[in-house]
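Subject: Handing over the structure, with notes

Hello,

Please find below the structure that I promised to pass on to you.

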Amino acid sequence: MNVASASASARSRQQAAGHITALRAVAAAEWTKIWTVRSTLLTLLLTLALGAGLGYLVGAGVAGGFTHMTPQQQETFDPLFATFYSLTLGQLPLVVFGVLLVGTEYTSGTIKVSLAAVPRRGLFYGGKALAGLLTALCTSVVTVAATFFAAQAGLGPYATSLGAEGVPQAVVGACLYLTLICVFAMGVAAMLRGSTGPLAILLPLLFLGSQGLGNVPGLKKVTQYLPDQVAAVIMHLAGPPGDPRFSRDFDAWTGMGILGLWVVLALAGGYLVLRRRDA
Amino acid sequence: MTAVDDLSFTVGPGHVTGFLGPNGAGKSTTMRMMLGLDHPTAGRVLIDGEPYRSLSEPLRRVGAMLEASAVHGGRSAYNHLLWLARTNRIPGTRVREVLETVGLEDVAGKHVRSFSLGMTQRLGIAAALLGDPPVLLLDEPVNGLDPEGVLWIRNLLKGLAAEGRVVFVSSHLMSEMALTAERLVVIGRGRLLADTTVRRFVEDNSRSHVRIRTPEPERMRDVLTAAGIRVEQAVDGALEAHETEAARLGELAAANGLTVHEVSTQRASLEEAFMRLTGGDVEYRARGDAEHLAGGHVEHRAGGGRR
């Protein structure tokens, strides 16, 4: 190795270290932004309350009606459906959180201050996404755990346990899903540069999703690929397993892969808009 | 529509430079381009030879206040400055310092949405000072301030310049800049009209005349005209002599035995000089013309200056 290439590699190492320091600073700033507005605590607590609270109620409801089910229904009964169903509503405040995280930059005009302080668009966007992702991940883990145990308490004798077959995968899938749908919402808000538009699109879509949008005959061919529907398999929300009406054309992890694709597309779209448009 | 066209100037340290132009002249757009918030179609703005967008920790190089109202209302003043400090790894202790500098330490914990226009403006200035930068860019900093606040900011800006900083301040008020700035950059319709000192600007642009009041205006007029001096009658009956000096008129009056009640040099006000300079360039007259209303988004961009 000659001197020139040695110094070049030292320089690129130094540059990389500088990038990491900068990213850490921006993520810390975004973290501060997140925790210094009231809407954050409100949306995140609501996510937890809806998930766990409805989880218990759904569990208790299903348990109470179990004896009235047909023998066939009893046979295909999946406690995980009753466990995670509440998350289809519990995700809504988390999505609102993701949208507001990016959208209020535009609605309040803070984006100008942000970009004047962090003029490198990629650095700003990366720091924001990282802080949002970490917040969403922590919230998701807590919410999924609370929801799981609340639902099992509600289900009583029909409850399942963490060690049962398929449960660990569903729990991990639920944590990933909640985190990713929140990041997806951030990307959509970055593309639309605001809060109202993204909320007007995402909330009805996700609400309809909870009502079985992915199972509508005819529409299913397309709707099963929507970002919330692709995670229904891993979370056991697509319907009783083995029933062709509710089955998906893909398996659990393929579904999560498709969700990952959605998230990457939304984030990339948001980044392009941020880079191209004047602030 | 072109908001800013072929605009080129250099701003130096040690004094306040006023950036003047009528509303809609392109002041805000220029400042936004300096911060990399708007893309110029051609050309570039360099800060110490680097484009703003490639600066790391730019708050330590350039402190800017574009729209003071661009703050999340649900965040406290302290927290607003805290996150901003963190982006550029500025220590949190600096937040308290700048809050004291702008006199907001007592309301540091209050939500910004409860702030008056003047307080928001002070917060914007605190944000600009956060990184202790050698260059300050402030867009209309006196807007919305009460007389006390205007005086405060005037002294603050002069003090910051005296410390050897570049202080670049936009305004549409010539009279304010005359009191604060030493140098002036004047634009109209996005073009450079003047890049000079306040003193030179005044001398070049304010036509001065000498006012004479006398009980014998007819004779005085004849005497002055005979001496080759252009004279006009003012509305109140006094005479206005152009392109001459008070001493010469006094001498002429004495030599001709004329009684004089007043001989005084009158300078057209700065505001008048400014109006004359930019007169042809006022973009938004009472009757907006269709050509300029057409380019909706760009006009909006230039709109910051109209507030």
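A residue is called buried here if 20 or more other C-beta atoms lie within 10 Å of its own, exposed if 12 or fewer do, and partly exposed in between, with the C-beta atoms placed from the backbone. By this rule Glu251(B) counts as exposed, because it has 12 C-beta neighbours inside 10 Å. Glu251(B) is found in helix H9 (residues 246–255) of chain B, where helices (H or I, at least four residues) and strands (E, at least two) are DSSP runs numbered from the N terminus. The C-alpha atom of Glu251(B) is separated by 57 Å from that of Gly49(B), and the two residues are 202 apart along the chain.

Before going further, please keep in mind that this is a predicted model, in which local features need pLDDT of at least 70 and side-chain atom pairs count only at pLDDT 80 or more, while totals for chains, interfaces and linings use all residues. Residues are numbered from 1 along each chain as its sequence is written, and chains are lettered from A and ligands numbered from 1 in the order in which they are written.

Chain B as a whole

Chain B has twelve helices and twelve strands, and of its 307 residues 43% count as buried. If two residues are said to be in contact when their C-beta atoms, placed from the backbone, lie within 7 Å, then among the contacts in chain B between residues at least 6 apart in sequence, 72% join residues at least 24 apart.

The sheet and strand E7

Six strands of chain B form an open sheet with mixed pairing, in the order E4-E5-E6-E1-E7-E8, where two strands pair if DSSP finds at least two bridges between them. Strand E4 (62–65) and E8 of chain B stand at the edges with a single partner strand each, so one side of each is left without a neighbour in the sheet.

Strand E1 (residues 16–20) of chain B pairs with E7(B) in the parallel sense over four bridges; Thr17(B) has Arg183(B) as its bridge partner in E7(B), and Leu20(B) stands opposite Val186(B). On its pairing with E8(B), E7(B) is antiparallel, over six bridges, and there Arg183(B) has Thr197(B) as its bridge partner. The hairpin of E7(B) and E8(B) has two residues between the strands, and in it Arg189(B) takes a positive phi near 50 degrees.

How enclosed is E7(B) by the rest of the structure? Six of its six residues are buried, so E7(B) is largely enclosed. In a regular strand the side chains alternate between the two faces of the sheet. Both faces of E7(B) are covered, with Arg183(B), Val185(B) and Ile187(B) buried on one side and Leu184(B), Val186(B) and Gly188(B) buried on the other.

Helix H7

In helix H7 (residues 198–205) of chain B, the residues Val198(B), Phe201(B) and Asn205(B) are buried. Why do they lie on the same side of H7(B)? They do so because they cover an arc of only 60 degrees around the axis, the arc being that of the directions from the helix axis to the C-beta atoms. On the other side of H7(B), Arg199(B), Arg200(B) and Asp204(B) are exposed. The buried residues of H7(B) pack against helix H6 (174–180), strand E7 (183–188), strand E8 (191–197) and helix H10 (270–278) of chain B.

Two loop residues

Most residues other than glycine have a negative phi, and most peptide bonds are trans. Arg89(B), however, has a positive phi of about 50 degrees although it is not a glycine; its place is in the loop between H2 and helix H3 (93–101) of chain B, and Arg89(B) is partly exposed, with 18 other C-beta atoms within 10 Å. Glu243(B) also has a positive phi, near 50 degrees, and its place is in the loop between strand E11 (239–242) and H9 of chain B. With 11 C-beta neighbours inside 10 Å, Glu243(B) counts as exposed.

The contact between the chains

The contact takes 31 residues from chain B and 24 residues from chain A. On the side of chain B that touches chain A, helix H2 (residues 77–87) of chain B gives the most, with six residues.

Best wishes
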